[in-house]
Amino acid sequence: MAVFTAVSLDDLTLLLKKFPLGNAIAIKGISSGIENSNFFIDTARGEYVLTIFENLSFAQLPFYLQLMRHLAERGVLVPAPVPDESGELVVPLHGKPAAIVSKLEGASQMAPQPVHCAAVGAMLAKMHLAARDFPLQQPNLRGLDWWNETTPLVLPFLDERNAHLLRAEMHFQSAFAACDHYHRLARGPVHADLFRNNVMFVGERLTGFFDFYFAGCDTWLFDVAVTVNDWCIDLDTGVLDSARVRALLDAYHALRPYTADEQAAWQPMLRAAALRFWLSRLYDLYLPREAEILTPHDPTHFERILRERIATPAPELFA
Ligand SMILES: Nc1ncnc2c1ncn2[C@@H]1O[C@H](COP(=O)(O)OP(=O)(O)OP(=O)(O)O)[C@@H](O)[C@H]1O
Ligand SMILES: N[C@@H](CCO)C(=O)O
């Protein structure tokens, strides 16, 4: 259950008076998701998704919503935000920020094949290129600074073996982030959370990326690593499946060729991407927020992925 803030049909009727969507017909809470309250809404103009942001502030939201609008206008398949009558993409609802976006067709592909991974790789490259001229700046709020703040908060909950892994990896990542070729990596707005459950497919056709609420400016390679660490693994072991890795990486490379600096940074970046989600899952498990009423995601999944990336080199970015 992931509706933290309830919205009735009467609430929706009132809200839609300010939107060019006609009358409210129905509203239905969406039960997946752990960050926000999401609803499918039926209006006289069709179906949309209403999101109430439980943890993000009014000040943070223009970055995400305007990025989605920017991408949608450039042919990247993402939900298009619907502006209200005064052009606002973010409006108050029950005292919290809310937005209405277009509904993507299809469903998540939770058992992806190489053909799905290729579609994701190609759309990711298209997204990075399309966001190059996006004017707003916001750092990845789950980047190295957040890892540095969060590590001491979760360390007391870990056994010695995991505490050692976390300290050692933080040390390794701090050195990586300080090296010259890291600073030469291409950067821009990235999705930063492009897991299987944040992409829609109809059969083999990708219909959209969504859930941009961890997006921020970071290296493009970090985005590729986050995506590979979810789309191209055996979920039980975290081991990479080389056919899916090649399909995703090659499809991306065909649209936005990787650089030699990216090749050099690839193995540490896969570790960084695993560390980021191990840390956030530890944080959600041991230091849950008040609004959090769901079972948090299992941190051991990303601990396993991190150990595996340290132990076994991944396929190269390109030949
Ligand atoms: N634009 C959209 N079109 C179609 N379905 C959507 C859209 N946005 C959200 N959904 C549906 O709502 C569900 C929850 O959305 P979302 O993943 O954004 O929530 P969340 O709370 O931010 O989740 P999490 O952080 O756990 O990924 C999705 O799994 C999807 O089924
Ligand atoms: N994708 C994240 C959840 C936040 O969107 C995870 O699996 O930990």
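Q: How do H3 and H8 run relative to each other, roughly parallel or antiparallel?

A: Two packed helices are described by the angle between their axes and the distance between the axes. Here H3 and H8 (residues 242-255) pack at an angle of about 30 degrees, with their axes 7 Å apart; therefore H3 and H8 are roughly parallel to each other. Axes are lines fitted to C-alpha atoms, for helices over the stretch in contact, and angles run from 0 to 180 degrees between N-to-C directions. Under 35 degrees counts as roughly parallel, over 145 as roughly antiparallel, 65 to 115 as roughly perpendicular, and the rest as oblique. This is a predicted model, in which local features need pLDDT of at least 70 and side-chain atom pairs count only at pLDDT 80 or more, while totals for chains, interfaces and linings use all residues. Residues are numbered from 1 along each chain as its sequence is written, and chains are lettered from A and ligands numbered from 1 in the order in which they are written.

Q: At what angle do the axes of H3 and H7 cross?

A: The axes of H3 (residues 114-130) and H7 (residues 220-231) cross at roughly 160 degrees and come within 11 Å. That angle makes H3 roughly antiparallel to H7. The crossing of H3 and H7 is right-handed. Cys117, Val120, Leu124 and His128 of H3 meet Trp220, Asp223, Val224, Thr227 and Trp231 of H7. The residues of this contact divide into six nonpolar, two polar and one charged.

Q: How far apart are the axes of H9 and H10?

A: The axes of H9 (residues 260-286) and H10 (residues 299-311) are 8 Å apart, and the two helices pack at an angle of about 160 degrees. That makes H9 roughly antiparallel to H10. H9 passes H10 in a left-handed crossing. Among the residues making the contact are Leu270, Arg271, Trp278 and Leu285 of H9 and Pro299, Phe302, Glu303 and Ile310 of H10. The residues of the contact of H9 with H10 divide into twelve nonpolar, no polar and four charged.

Q: Is Ala265 buried or exposed?

A: A residue is buried if 20 or more other C-beta atoms lie within 10 Å of its own, exposed if 12 or fewer, and partly exposed in between, with C-beta atoms placed from the backbone. Ala265, in helix H9, has 24 C-beta neighbours inside 10 Å, so Ala265 counts as buried. Leaving out residues up to four places away in sequence, Ala265 touches His181, Tyr182, Leu185 and Leu221. Leu285, also found in H9, is partly exposed, with 16 other C-beta atoms within 10 Å. Beyond its neighbours within four places in sequence, Leu285 is in contact with Pro296 and Pro299. Leu285 and His297 are twelve residues apart in sequence and 7.7 Å apart in space, C-alpha to C-alpha.

Q: Where does His94 lie, and what is the phi of His94?

A: Most residues other than glycine have a negative phi, and most peptide bonds are trans. His94 lies in the loop between strand S4 (91-93) and strand S5 (96-102), with a positive phi near 50 degrees. His94 is exposed, with 12 other C-beta atoms within 10 Å. Ala192 has a positive phi too, near 75 degrees. Ala192 sits in the loop between strand S6 (187-190) and strand S7 (199-202) and is buried, with 22 other C-beta atoms within 10 Å.

Q: How many helices and strands does the protein have?

A: The protein has ten helices and nine strands (DSSP runs numbered from the N terminus: H or I of at least four residues for helices, E of at least two for strands). Of the 319 residues, 41% count as buried. Among contacts between residues at least 6 apart in sequence, 72% join residues at least 24 apart.

Notes
Contact = placed C-beta atoms within 7 Å. Left-handed = near helix turned anticlockwise from the far one by under 90°. Nonpolar A, V, L, I, M, F, W, Y, C, P; charged D, E, K, R; others polar.
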